[in-house]
Amino acid sequence: MRLLLKRLIQFGWLSLFVWLTCHALLAVEHTVQAPAKEPSQVRMEVFVRSDLASAGHVAAYLDGLQKRVQGLDVVVHDVLTDRQQLARLNKLSKKFGRTSAVVPSFYCCNRMYFGFADAEKSGPSIEMLFTAEVYTRETCPRCRAAKQFIAKLKSKWPAIRFKILEVDADKGARLRWEHLCRGAGQLPGLPTIDFAGHVQIGYVSDEVSGSQLEKLIERVAGGDKESPEKESPEKKDQSFVPRFHFHGLMMLLAVVSAYPQIDLMHDLGMLRLIQQETILPPDKALEDLPLPVEANEGELSEGFSKSVSETTNLGTLHCGLHVG
């Protein structure tokens, strides 16, 4: 009994030592000066079939797009080999009103574009995926406040295109603005921001309306939860991994030395067996999914789609509007 108590005390002190050491190392890691903060990223997901010629044309276009647009993180999914992403493509296609999926398909900021002709024909529509249309009036004070806040957002989100449209100077923009507001069940108000399938009408302040716009950008900038996240180098310090493994090994050796009767290989074998049993069998339904065909020329005009608009009317902020 005394021997067992002695071993327990020894094990407790060893565990405390290892725990304190690991936490001290973590504290040192956190005190290291952080690198300069980079602009926030906006993710664009592109679904292709590597056995089709369009995949090469899309790759060339995306290479040029990433060089031109700072902060745009492009992730390409080959649905020929990735059945999980093939299932996602089918799900997204249905969400955006298609009965069947096609390739290539572009998904960004809760918007989607289907097909690809070339950079000249399809490029502008693809870039509209990460474009916010801001309808304003030169004499509107709340519009000026919104523009000033948007100028700050541009430095943080360089990939987001903010297209300022003056409803008094541009008749087409005025008609689109009126249709957008009334289609959302609201009276036309200024400013109106159309982005990511959401319509925000009016502007209270940076703390209210500006914060709401930025939260929307943060919510849609990373794709969706079903898309695998890419871990940035800043989030993972590889230099800490060897030290963590070393101290973990020391703790394991301390336990084995304190309890020599432990059959370490047997226990590790059982752990491996448990891990193998928890792996789910492959989903047979994924194997039966048909591969999407290549979008034809006629489908390009139908490709750009948005989800149902969500409207935020921030009070009666119509800036003396007169809609004829």
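These are my notebook entries on what I looked up in the structure above.

**Ground rules**

I am working with a predicted model, in which local features need pLDDT of at least 70 and side-chain atom pairs count only at pLDDT 80 or more, while totals for chains, interfaces and linings use all residues. Residues are numbered from 1 along each chain as its sequence is written, and side-chain values use heavy atoms, with hydrogens and water left out.

**Entry: the chain as a whole**

I began with the secondary structure and found 11 helices and 12 strands in the chain, where helices (H or I, at least four residues) and strands (E, at least two) are DSSP runs numbered from the N terminus. Of the 324 residues, 39% count as buried, buried being under 20% relative accessible area, exposed over 50% and partly exposed in between, with a 1.4 Å probe and protein chains only. For the accessible surface I noted about 19,100 Å², of which 60% belongs to carbon and sulfur atoms; the areas come from the Shrake-Rupley method with a 1.4 Å probe, and for residues only the protein chains shown count as cover. I then looked up contacts (heavy atoms within 4.5 Å), and among those between residues at least 6 apart in sequence, 73% join residues at least 24 apart.

**Entry: nonpolar cores**

Next I looked up the nonpolar cores, each a set of buried Ala, Val, Leu, Ile, Met, Phe, Trp, Tyr and Cys residues joined through side-chain atoms within 4.5 Å. The largest has 40 residues, and Met 44 and Phe 106 have the most contacts inside it. The elements that give two or more residues to this core include β1 (42–48), α2, β4 (105–108), α5 (141–156) and α7 (206–221). Apart from this core lies another, of 13 residues, among them Leu 92, Phe 96, Tyr 107 and Phe 114. Returning to Phe 106, and leaving aside its neighbours within four places in sequence, I listed its contacts, which include Met 44, Val 46, Leu 62, Tyr 113 and Phe 116.

**Entry: aromatic rings**

The structure holds 4 aromatic pairs, for which ring centres of Phe, Tyr and Trp (its six-membered ring) must lie within 6.5 Å, planes under 30 degrees apart counting as stacked, over 60 as edge-to-face and the rest as tilted. Tyr 61 and Phe 116 form a tilted pair, 5.3 Å centre to centre with 45° between the planes. This pair links distant parts of the chain, with Tyr 61 in helix α2 and Phe 116 in the loop between β5 and α4, 55 residues apart. Phe 106 and Phe 116 form a tilted pair as well, at 6.2 Å centre to centre and 45° between the planes, and both are buried. I also noted that Tyr 61, Phe 106, Tyr 113 and Phe 116 form one aromatic cluster. Elsewhere, Arg 98 lies over the face of Phe 114, at 5.2 Å from the ring centre; the criterion is NZ of Lys or CZ of Arg within 6 Å of the ring centre and within 35 degrees of the ring normal.

**Entry: salt bridges**

I found 15 salt bridges in the structure, each a side-chain nitrogen of Lys or Arg within 4 Å of a carboxyl oxygen of Asp or Glu. Arg 49 pairs with Asp 51, their closest N and O atoms being 2.7 Å apart; Arg 49 is buried at 14% relative accessibility, whereas Asp 51 is partly exposed at 42%. Lys 67 pairs with Asp 63 at 3.4 Å between the closest N and O atoms, and both lie in helix α2 (residues 54–68), 4 residues apart, about one turn of the helix. Arg 68 forms a salt bridge with Glu 127, the closest N and O atoms being 2.8 Å apart. Arg 68 lies in helix α2 and Glu 127 in helix α4 (residues 119–127), so the pair ties together parts that are 59 residues apart in sequence. I also recorded a network of salt bridges linking Arg 137, Asp 168, Arg 174, Glu 178 and Arg 182.

**Entry: backbone**

Last, I looked up the backbone angles. The peptide bond from Val 103 to Pro 104 is cis, with omega near -5°, and Pro 104 is found in the loop between β3 (102–103) and β4. The bond from Leu 190 to Pro 191 is cis too, with omega near -10°. Asn 110, although not a glycine, has a positive phi of about 60°, and Ala 196, in the loop between β8 and β9 (198–201), has phi near 55°. Ala 196 is buried, with a relative accessible area of 0%.
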